[in-house]
2 protein chains.
Amino acid sequence: MQRSAQLKVGRRKPAVGQIGLGIMGGAFAKHLLAARFPVVGYDPAVAQVRAFSRMGGHAASSCAEVASRAKIIITSLPSPAAMEEAFFGKDGIAEGVRPGTIVIEASTMTLELKEGIRRRLVRRGVRLLDCPISGTGAQAAAKDIAVYASGDRRAFNRCRAVFDGFARSTYYCGEFGIGSKLKFVANLLVTIHNLSAAEAMVVGEKAGIDLKLLYRVIGDGAGSSRMFQVRGPMMVAGRYEPPQMKSEIYQKDIDIIRAFVRRLKCPTPLFDAGVPFYTAALRQGWGRHDTAAIHAVLRKRARLRGPKRGGQTG
Amino acid sequence: MQRSAQLKVGRRKPAVGQIGLGIMGGAFAKHLLAARFPVVGYDPAVAQVRAFSRMGGHAASSCAEVASRAKIIITSLPSPAAMEEAFFGKDGIAEGVRPGTIVIEASTMTLELKEGIRRRLVRRGVRLLDCPISGTGAQAAAKDIAVYASGDRRAFNRCRAVFDGFARSTYYCGEFGIGSKLKFVANLLVTIHNLSAAEAMVVGEKAGIDLKLLYRVIGDGAGSSRMFQVRGPMMVAGRYEPPQMKSEIYQKDIDIIRAFVRRLKCPTPLFDAGVPFYTAALRQGWGRHDTAAIHAVLRKRARLRGPKRGGQTG
């Protein structure tokens, strides 16, 4: 009996704190609960907390309370302001956190911001891991995301089971910040390839090619990209909803990449040529649509008008 | 006995003419011979003809002779001048061709050139199909190419077995010229994505990321493209040989795409931003290297010097 009880204790998983219970954070919590981690969560939005409680999560009333109840904490936050508030605001993480705690920071933010938080936490004996997520909200819901993890290796190793609890795959990338840098490079390519897909579609439409044929033939060959495959069907249909990534939210990522490559003094001819089209998309009212709406911006510039699309006229 | 002989006649495959026995045409002939088509071939280069004869091909002494011995002819030619010569030069196809012949034109040329040839052949009762090839020389050798076929549908149907004899897959794309247009759109994307891969590598190197890690992590995610996957390893190694596509040869494709999109009056912001880097690659002496050498052009512009690459310094 005693032995069995000990085994049970040995098997018990550590409590995980989840701060931010939105599309991403809420999905992480769901998978961690399914993997039998006790999860303590907080979000300022009441509806999110309620959904979290229904899944079996333990709702906390503040970030400080989460930090006092879990020694591994995941943060998934929408803005720099929310991040400052969650870590160092009134009743923030710093108020309740215990030495030895590890924070898995999963947001996409500038490295300067993350590095500043890391340093302030070190003084309290807390280690911050830089762990941006590659994948959409839909992918997070299906546990189909990749984590680009970086920072203290031992801290990372201690969190292995937690990563496996909410992600399809986790890459340990090296010293603090490499994870974010890889995310920026990946999104630089996403920014370019989304527009190049639109460019191909508009050239095709102007040339009188049926866009469904174009999508099928080109998606299978040397000109293909993940973005062409994923966003192409929205462009063929000329409908940019439901959004997988809203144009207005993606603007934050573009601003971060731009600041990053400027600081590196690195030439980025294609990224630079593409950015004005994303700005134009916002100006033309596509902010709440998927970033595939860049296709509408390019069609307008090509003087292709009206609801007719190549895929329908062919 | 008689019945069996008839069956044998019924099974006999029609002779196929192959004009141009270089990397592409030579590979087509090889596969067609393996598929038991009698192949009559011609090339001005003696070495190519010799190799073709060794494979079991019937060498002809001119394009006219090929045309007089085969009613389905494939042309695979390196330049507009070679094309004019092969079709309408002294002892060209037009000299020997019989009415009812079908020519599968597999080169990548301007549509104006192909359309002109098509019209001149119609008068002789000969149908030209526009059938550019998607795939490299290595892919042709492995019978791993796709054909973007367009033109008269009945003529296309009569050539089905021939296409199956030398290509992995054949798309019938519609009226004459759609095949070429699709090829131009595909290569527009190839032009952009090859440079975007280089852009990502150079940003990564400037940021101190190990390029092997970058290749592995990003090639698996939303930022990936076929070009990133295929050319990435050459960029990581900083070696752009052996060439899959030489920079100096690819310049022809760039010129054709440029003329094509100009005529359409179509905005192509990323293609336009990319072209100067291909020009610079030729100027900097990379003409005989793979187009992945655009990476060296961008590294130079980023003031990354010397033989050290991120993949080796990490």
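Buried means under 20% relative accessible area, exposed means over 50%, and partly exposed is what lies in between (1.4 Å probe, protein chains only). This is a predicted model, where local features need pLDDT of at least 70 and side-chain atom pairs count only at pLDDT 80 or more, while totals for chains, interfaces and linings use all residues. Residues are numbered from 1 along each chain as its sequence is written, chains are lettered from A and ligands numbered from 1 in the order in which they are written, and side-chain values use heavy atoms, with hydrogens and water left out.

**View 1. A:Ser225 at the axis between the chains.**
A:Ser225 counts as buried because its relative accessible area is 2%. You'll find A:Ser225 in the loop between α12 (211–219) and α13 of chain A; helices here are DSSP runs (H or I, at least four residues), as are strands (E, at least two), numbered from the N terminus. Setting aside neighbours within four places in sequence, A:Ser225 has contacts (heavy atoms within 4.5 Å) with A:His193, B:His193, B:Ser224 and B:Ser225.

Chain A has 17 helices and nine strands. Its C-alpha atoms fill a box of roughly 75 × 45 × 35 Å along the principal axes. Of its 314 residues, 57% count as buried. Among contacts in chain A with a separation of 6 or more, 65% come from residues 24 or more positions apart.

**View 2. An edge-to-face pair in chain A.**
Rings of Phe, Tyr and Trp (its six-membered ring) pair if their centres lie within 6.5 Å; planes under 30 degrees apart are stacked, over 60 edge-to-face, and the rest tilted. That rule gives 20 aromatic pairs over all chains. A:Tyr240 and A:Trp286 make an edge-to-face pair, because their ring centres are 5.2 Å apart and their planes meet at 85°. The two residues are 46 apart in the chain: A:Tyr240 is in the loop between α13 (226–237) and α14 (247–264), and A:Trp286 in the loop between α15 (269–283) and α16 (294–301). A:Tyr240 is buried at 2% relative accessible area, whereas A:Trp286 is partly exposed at 22%.

**View 3. A stacked pair in chain B.**
Here B:Tyr215 and B:Phe228 are stacked, at 5.5 Å centre to centre with 20° between the planes. B:Tyr215 belongs to helix α12 (residues 211–219) and B:Phe228 to helix α13 (residues 226–237), so the pair ties together parts 13 residues apart in sequence. B:Tyr215 is partly exposed, with a value of 24% relative accessible area, while B:Phe228 is buried at 0%.

**View 4. A ring cluster and charges over rings.**
In chain A, ring pairs link A:Phe28, A:Phe156, A:Phe163, A:Phe166 and A:Tyr172 into a cluster. A charge sits over a ring if NZ of Lys or CZ of Arg is within 6 Å of the ring centre and within 35 degrees of the ring normal. A:Arg120 has its charged end over the ring of A:Phe88, 3.7 Å from the centre. Over in chain B, B:Arg118 lies over the face of B:Phe176, 5.5 Å from the ring centre.

**View 5. The six-stranded sheet of chain B.**
This open sheet runs β3-β2-β1-β4-β5-β6, with parallel pairing; strands pair if DSSP finds at least two bridges between them. Its edge strands are β3 (58–59) and β6 (127–130), each pairing on one side only. Strands β1 (residues 16–19) and β2 (residues 39–42) pair in parallel over four bridges, and B:Gly17 stands opposite B:Val40 in β2(B).

**View 6. Strand β8 of chain B and its partners.**
Both faces of β8 (residues 146–149) are covered: B:Ala146 and B:Tyr148 on one side, and B:Val147 and B:Ala149 on the other, are all buried. Strand β7 (residues 133–134) runs antiparallel to β8(B), joined by two bridges, with B:Ile133 opposite B:Val147. Strand β9 (residues 169–172) runs parallel to β8(B) over four bridges, and B:Ala149 stands opposite B:Tyr172.
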